[in-house]
Amino acid sequence: MIKVKIVGVGSYLPEKVINNFDLEKMVDTTDEWITERTGIKERRIVREDQATSDLCYEAAIKALAMAELKPGDIDIIIVATSTPDTVYPSTACWLQKKLKTKGQGAFDVSAGCSGFLYAFLLAGTLIESKVAKKILVCGGEVMSKVVNWEDRATCVLFGDGAGACVVVESNGESGILSVNLGADGSLAELLYQPAGGTRMPASEKTVKEKLHYVHMKGREVFKHAVIWMGRAAEKALKDANLSIDDIKLFIPHQANMRIIKTTNERTKIPEEKTFIILHKYGNMSAATIPVALDEAYRSGRIKDGDLILMSAFGTGFTWAGMVYKW
Ligand code: ACO
C-alpha cells in the first residue's frame, strides 16, 4: 500500500450551462443523437476571462478548507491538464500565483483524461518517499477553448471544470492499494491538437486550418477506450486481490455512457456501484475523476474505509487503473 490519505476534496464548475437544445441551434445535431450516442445532456462552459488555473483555484480553495489548511501549508502543487493556461509556465505555477503562495514545487502532469490518476499516484509516491508531506493535486480543463464549435462530431462531447484533492501521509488505514499506468504513443494521432507546440508552431496557416482544435477519430478512440478502461480496472482489482464485491464505488473516466456501460459489462461492475456525472458535465478530461470524487464524497457515497475503484483512458493514448482505500 502507498500510505496516503485524501483529507480535502473540492470542485468547481463554471456557471454557464449549454444543453443539447442549445447545441441544436449551433450545429447540425439533435438532443436525441447526443443523448443516445453519449449520455450527455448538458455541459458547463467558462467565461471568456477564465482559464484552467482559475477553475483549479476555486476547487483548491474548497479542498484546502475541508483539510483545514492554508495554501502556504502545501509542499507541492500538481495540476493534471491538457488545456494549460499557457504552454509555459505550468498551470500549477499560475495556480500558485493565484493562491498567493510561493516557494513550494509546482508542475503539471500531461496524461490526457488519465492525468488525475497519474498525478495522484505521483503525489502518493512523493509523500511516501518523504519529499513532501502535503500535496495539492488538481485536475482542471477548459475544453471549450480547444474545441471547434463548428464541428458537431467533437463540440457536443466536452465540458469545462476542475477538481482538487489535498493529500497527506496516512497512518496505514488509507492508501493506494494497487495501481497500473499504461500508454500507447503509436496511436497519438487518433486524438490530438495538432498545432501550437514545437511540431507545428502557431501561424496564420494553422489558425486558418483550425489546427489548434481537438482532432479526433471518434470511432477508433471508442474501440480502444472500451478495451483499456476495462483492462485497467480489472488489473487494479486483481493486483489488490479484490473482487468487485469488495468495492464500494467505481469512478470511471466519463467520456461517453456507452464506453462506461461496455466497461461495466466486460468487468461485471454493477451499474449501481458506478458513479456518474457525465450527463451534467460532459467529458471534462482530467477534471472528471476529481470532480466525481468530490461529488461522491459530499453526497455521502464515500465513507472512511471504503474501497474506491477508478479507471481512465485518454489522449496519448494513456490509461490507468487504481484501487484507493478512503
Ligand atoms: N449530431 C448528429 N450526427 C452526428 C454528430 C452529432 N453531434 N456527430 C457525428 N454525427 C454523425 C456522423 O457525421 C456520422 O454520419 P454519417 O454516418 O452520415 O457519416 C454518424 O453521426 C455516425 O458517426 P460516428 O462517428 O461513427 O458515430 P459514433 O457512433 O462512433 O459516435 C462518438 C461518435 C460519440 C464520438 C463516439 O465515437 C465516441 O464517443 N467516441 C469516443 C470519443 C471520446 O469520447 N473521446 C474523448 C476523449 S478520449 C476519452 O476521454 C475516452
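Buried area is the accessible area, taken with a 1.4 Å probe, that two parts lose on being put together, summed over both. The exercises below apply this term to a predicted model.

**Exercise 1.** Determine how the chain is divided and how far apart the C-alpha centres of the domains lie.

*Solution.* Begin with the bounds: domain 1 covers 4-172, and domain 2 covers 176-325. Next, take the C-alpha centres of the two domains, which are separated by 14 Å. Then count the residues in contact: domain 1 contributes 52 and domain 2 contributes 47.

**Exercise 2.** State the area buried between domain 1 and domain 2, and identify which three residues of domain 1 supply more of its share than any other three.

*Solution.* The two domains bury about 3800 Å² between them. Of this area, 66% lies on carbon and sulfur atoms. On the side of domain 1, the leading trio is Cys113, Leu117 and Tyr118, with 18% of the area that this domain buries against domain 2.

**Exercise 3.** Describe the polar and charged pairing between the domains, and then the make-up of the side of domain 1 that touches domain 2.

*Solution.* First, count salt bridges between domain 1 and domain 2: there is 1. For the side chains of Glu150 and Lys210, the N to O distance is 3.8 Å; this pair forms a salt bridge because the distance falls within the 4 Å cut-off. Second, 18 residue pairs are in polar contact across the interface. Third, the elements giving two or more residues to the domain 1 side include α3 (52-67), α5 (115-128) and β7 (160-169). Finally, the residues on that side comprise 24 nonpolar, 16 polar and 12 charged.

Terms used. Residues are numbered from 1 along each chain as its sequence is written. This is a predicted model: local features need pLDDT of at least 70, side-chain atom pairs count only at pLDDT 80 or more; totals for chains, interfaces and linings use all residues. Side-chain values use heavy atoms; hydrogens and water are left out. Domain bounds come from an automatic or database domain assignment. Contact means heavy atoms within 4.5 Å. A polar contact is a pair of N or O atoms within 3.5 Å; within protein, one must be able to donate a hydrogen and the other to accept it, and residues adjacent in sequence count only if both atoms are side-chain atoms. Helices (H or I, at least four residues) and strands (E, at least two) are DSSP runs, numbered from the N terminus. Ala, Val, Leu, Ile, Met, Phe, Trp, Tyr, Cys and Pro count as nonpolar, Asp, Glu, Lys and Arg as charged, and the others, Gly among them, as polar.
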